[in-house]
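Please keep the sequence and the structure at hand while reading.

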Amino acid sequence: MVRRIHPLDSLTIDQIAAGEVIDVPASCVKELVENSLDAGADDIVVEVSIGGRERIRVRDNGCGMGREDLIASIERYSTSKLHHIDDLQTLSSRGFRGEALASIVSISHVTITSAERRGDDLICPATTLVAEGGKLLSITETTAPPGTTVEVASLFFNVPARRKFLKSPAKDSQEIIKAMTCLALAAPVVAFRVITDGRSVIGVAAEPPDLLKNRIRTLFKEPFQDNAFDVAFSKDGFSLNGVVADPRHARSTRSGQYIIVNGRPVTSLPISYAVKAAFATTCEEGKHPVFALHLSLDPSSVDVNVHPQKREVRFSDEEWVRMLVQESVSEALFGKRGFFPACSMPLTSCSPSLPADPDEDPFSTWRFAPVEEPPSLELSLTGSSAPSTCLAVMGDVALIQPPCKADPPFPVSQGALLLLDLRQVLRAIIYREWLDRPETEAPELLLVPVTFDCSAQEAALIVEHIPQFEKMGIFLRAIGSHTFLIEGVFKRFVDIDLPAFCLDLVHEGFLEKESVKEQFCKRMATSYVAAMRGLRPPIAHELALSIVGRWAQSGFPAVSPDGKPCFSQVTPTTFKEWIAKGAKT
Ligand code: ADP
Ligand code: MG
């Protein structure tokens, strides 16, 4: 009988296993840097070329390895960090599986030079190991500064299937920058430099252990500068530290959420949900808050061994973690600073959720205009005359008299007033304007060009999409590794916070793919409205009026591009009842 079943040779086993640990160049960088952190390094330099597929070099000043350890380090399941499965209960190192170096060696050409520290010697005896495709090629004695340098060349050279599925070098570089940003966030006491294709993209100095927020601000810039909320909470062996951004920075994906659990960058839906719950109604539905948080708790209450790349963790008492995360973030947001919610008021006609105090005058949060005030014609957005009067503005809702000069394409009850959702109306207007805009539009040079800083990740994305920005009417160029200069824009963009708009376009990811025109205009309108300065509460009466004017010019759209109502009708009687009811509930 012919035998069909046979054991795999060790290289094939290693290559298959490598696929789990090293799927893209970024995971190779991550494993090497985690090893440097585990080796106690406080200065790590990462250099990559061509998205990491040509070369990855990680240099650290950690404890280094002697000759025998260096040879053992590339063996599969060889580790200095774990002896027994029970050690996982108290583990504080990033690695423990002893798989990374073996995996990397099996799919690339690797040179490791390592020197164990000897007192204060700047140069120590060292060993250089060269291996390729799982085979040790040479071991030589040399001298080197204390620490380890791992150089990986021709990653995936012998795994054509993996090479075929690699993304573009630019995308791979972005993934590497993202992974490095997370690791730099996880270890604020370590200095990091990241250089891609000769360009320095991350450079952060070591911070004192208690200054995590400095690291957060250096890495991520804007959302964590002004108006951000510091989190510093500790209770029953649980502690949460970091910064949560103002809800107006919330994104439609979780791309702005950075979670470090016991020093490990992870994704964790329970934590994301708990933070969102803490934001309550201040964060719009469908949006995700932006935050960078370090969570520390007893290692025995976290299982780190649930993902081959250790990107996820499981908590022994998930409910307890959720509760405490929610409590800590809620305290940071609402605790001492009397936070004013910047969210939209839902425009359902009968169940308003007014943030009112029963003892307060129900009208006190509304900003009423004197009724006899003539509608301002010097409007910031258009010069059109408003067809109706704006009586009051609260949050981003305006109470207006129904249009009278032009016939609105919807029935209005006798004596009714309209509650106009200014954001939805503006989205509807911008959407229509953008759909009908002429194909050729010349940009206007800005008298005062706008500069802005962003994170390394955002910078890499912007650099890649400069032509797409130009197509959209934003002319910018890099003037530093994370600094851009906006020199010209289409006229329609002058009212908005341009840096916020550019970053929103990047986060929404829609510069990446060609989308159908309607889809594109819809998302553009959303980003535009999010970046409009004047729409941040308190909204000026004049702006509300000008939006009403533009609404008329646009033909009174009744719904936003995704079908949300732009207004609801109220009669004076129901409006008063509504306010009174809102005040009592
Ligand atoms: P793990 O990190 O899971 O132990 P690796 O394959 O990543 O497995 O590394 C194997 C061993 O090699 C580590 O346990 C460590 O002892 C040693 N090692 C790897 N990289 C370094 C480094 N940069 N400095 C010192 N020792 C290292
Ligand atoms: Mg490791």
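**Aromatic rings and helix packing**

Ring pairs link F220, F224 and Y258 into a cluster, where rings of Phe, Tyr and Trp (its six-membered ring) pair if their centres lie within 6.5 Å. This is a predicted model, in which local features need pLDDT of at least 70 and side-chain atom pairs count only at pLDDT 80 or more, while totals for chains, interfaces and linings use all residues. Residues are numbered from 1 along each chain as its sequence is written, chains are lettered from A and ligands numbered from 1 in the order in which they are written, and side-chain values use heavy atoms, with hydrogens and water left out.

**Aromatic pairs**

- Eight aromatic pairs are found when the whole structure is searched.
- One of them joins F220 and Y258, with 4.4 Å between the centres and 35° between the planes, and is classed as tilted (stacked is under 30 degrees, edge-to-face over 60, and tilted the rest).
- Because F220 belongs to helix α7 (residues 212–220) and Y258 to strand β11 (residues 257–261), this pair ties together parts that are 38 residues apart in sequence; helices (H or I, at least four residues) and strands (E, at least two) are DSSP runs, numbered from the N terminus.
- F220 and Y258 are both buried, that is, under 20% relative accessible area with a 1.4 Å probe and protein chains only.
- F233 and F238 form an edge-to-face pair, at 6.2 Å centre to centre and 80° between the planes, and both residues are buried.

**Helix α10 with helix α14**

- Helix α10 (residues 422–435) packs against helix α14 (residues 517–531) at an angle of about 135°, the axes being 8 Å apart; axes are lines fitted to C-alpha atoms over the stretch in contact, and angles run from 0 to 180 degrees between N-to-C directions.
- The two helices, α10 and α14, are therefore oblique to each other, given that under 35 degrees counts as roughly parallel, over 145 as roughly antiparallel, 65 to 115 as roughly perpendicular and the rest as oblique.
- Residues in this contact (heavy atoms within 4.5 Å) include R423, Y431 and W434 of α10 and F520, M524 and Y528 of α14.

**Helix α6 with helix α11**

- The axes of helix α6 (residues 169–186) and helix α11 (residues 456–464) come within 8 Å and cross at roughly 165°, and α6 and α11 are therefore roughly antiparallel to each other.
- The contact is made by A170, K171, Q174, I177, K178 and T181 on the α6 side, and by A456, Q457, A460, L461 and E464 on the α11 side.

Technical notes
Buried means under 20% relative accessible area, exposed over 50%, partly exposed in between (1.4 Å probe, protein chains only).
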